[in-house]
Amino acid sequence: MEPVILACTRIWLIIISCLVIISIVGDVGVMSSSSTVAGLLSYQYYETSCPQVESIVTDKLTPILLSDPASSAALLRLLFHDCQVQGCDASLLLDSDTSEMSSSKNFAIRNRETIGIIKTAVDSVCPGTVSCSDILVLAARDAVAMSGGPKMKVLLGRKDSNTSNHTLADASLPAANTGVGEMLSIFTKRGMTVEESVAILGSHTLGVSHCVNIMDRFSRQIIGANRTPFETLLALRCAFGASISNSGTVGNDVTITKFDNQYYKDTSRGRGLLKIDSDMSTDPRTAPIVERFAQNQNEFFKEFTAAFLKLTSANVLTGHQGVVRTKCNAVN
């Protein structure tokens, strides 16, 4: 019996040793994935180099949003357009993007100067440390929270591009008449689920849309069977005609300065403003999600938070791939 017991003991020692080795390797793997790696995004990226950055952004942004509540929608839209092209690299903040702004999908972009104001405040404490792209993400995050939306943690460590490509920006941004299929394709390429794709469009709960972008919703010539009552209302609200003005606007929902689930309530009742808003309420892939978000704001906030993190982390410049601009509206 003794040889058998000795053999079993040795086997158990081998098994225990293997388990210890596996445990150590596993711990190292966890440490590697959770700790800051040079050149990658991290929640603690500025922990030593500029620990005050988030509070500086919030303090500087608060009076701006109090004096102009519409700035929340503008900052969120600015972020969306910037991230949608090459990744969040602050290329949309460069002055070279303004040359054809009036005739592009970016014509209504504003509040770019706000990021420059915040950048100056951050650089007064942490010179040349925080990128314009990270400041834009933090400002948009705070704009959502200050408007009643979810309080989100965001990854930091993006670098700025030193080039801007207006043609690429115009080609990359979805058109006003984008359908559900194309919308899902755009966002799933950034790793979003269908729920997250529907949630990120909840950004439409803030601000207004320009009449020029909703012409397809009220341009039917025959009033009656071909137009819904809501489309007729839109036609009355906008200066309908061949030379419709870029200045005409309609609120995205009835609470245009509050980040809430009203957008989904309106959309589920057939009052979606843009084509994509209207189509999401009837498409079998998205209609149940629209209804769920309309009924449960917390569900919307949860999915929006996940979508925001993915949108702002996809295809970004890190490490030596980009720079930290001295001024957000000009290359170094």
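# Reading a predicted fold: a tutorial

Student: How is a cavity found, and which residues line the second largest cavity?

Tutor: Rolling a probe the size of a water molecule over the atoms shows where empty space is left. On a 1 Å grid over the protein atoms alone, a cavity is a set of points where a 1.4 Å probe fits but cannot get out, and a pocket is an open set with protein on both sides within 12 Å along at least five of seven lines; lining residues have an atom within 4 Å of a point. Points are joined across faces, edges and corners, and a volume is the space filled by probe spheres set on them. Here, the second largest cavity has about 40 Å³ of space, and its lining is L76, L79, F80, I200, S203, F304, F308 and L311.

Student: What about the second largest pocket: what volume does it have?

Tutor: About 180 Å³. Its lining has 12 residues, with F230, V250, G251, D253 and R271 nearest its centre. Helix α10 (229-237) gives the largest share, four residues.

Student: How many helices and strands does the chain have?

Tutor: Helices (H or I, at least four residues) and strands (E, at least two) are DSSP runs, numbered from the N terminus. This protein chain has 14 helices and two strands.

Student: How should I read "buried", and what share of the residues is buried?

Tutor: Buried means under 20% relative accessible area, exposed over 50%, and partly exposed in between, using a 1.4 Å probe and protein chains only. Of the 332 residues in the chain, 46% are buried.

Student: Which residues touch the most other members of the largest nonpolar core?

Tutor: In soluble globular proteins, nonpolar side chains tend to be buried together. A nonpolar core is a set of buried Ala, Val, Leu, Ile, Met, Phe, Trp, Tyr and Cys residues joined through side-chain atoms within 4.5 Å. The largest one has 74 residues, and L79, I115, V122, Y264, M280, F304 and F308 touch the most other members. Helix α5 (residues 132-146) gives the most to this core, with nine residues.

Student: Which residues is V122 in contact with?

Tutor: Contact means heavy atoms within 4.5 Å. Leaving aside neighbours within four places in sequence, V122 contacts C50, V53, I56, V57, V130 and I135. V122 is also one of the buried residues of helix α4 (residues 112-125), whose cover includes α2 (53-67), α3 and α5.

Student: Which residues does UniProt list with D82 under "binding site"?

Tutor: The unreviewed entry lists D82, V85, G87, D89, S91 and E100. UniProt positions are in the numbering used here, feature names are shortened, and annotations may be inferred rather than shown by experiment. G87 lies in the loop between α3 and α4.

Student: Why does G87 count as buried?

Tutor: Because its relative accessibility is 0%. Not counting residues up to four places away in sequence, G87 touches D82, A314 and N315.

How values were computed
Residues are numbered from 1 along each chain as its sequence is written. This is a predicted model: local features need pLDDT of at least 70, side-chain atom pairs count only at pLDDT 80 or more; totals for chains, interfaces and linings use all residues. Side-chain values use heavy atoms; hydrogens and water are left out.
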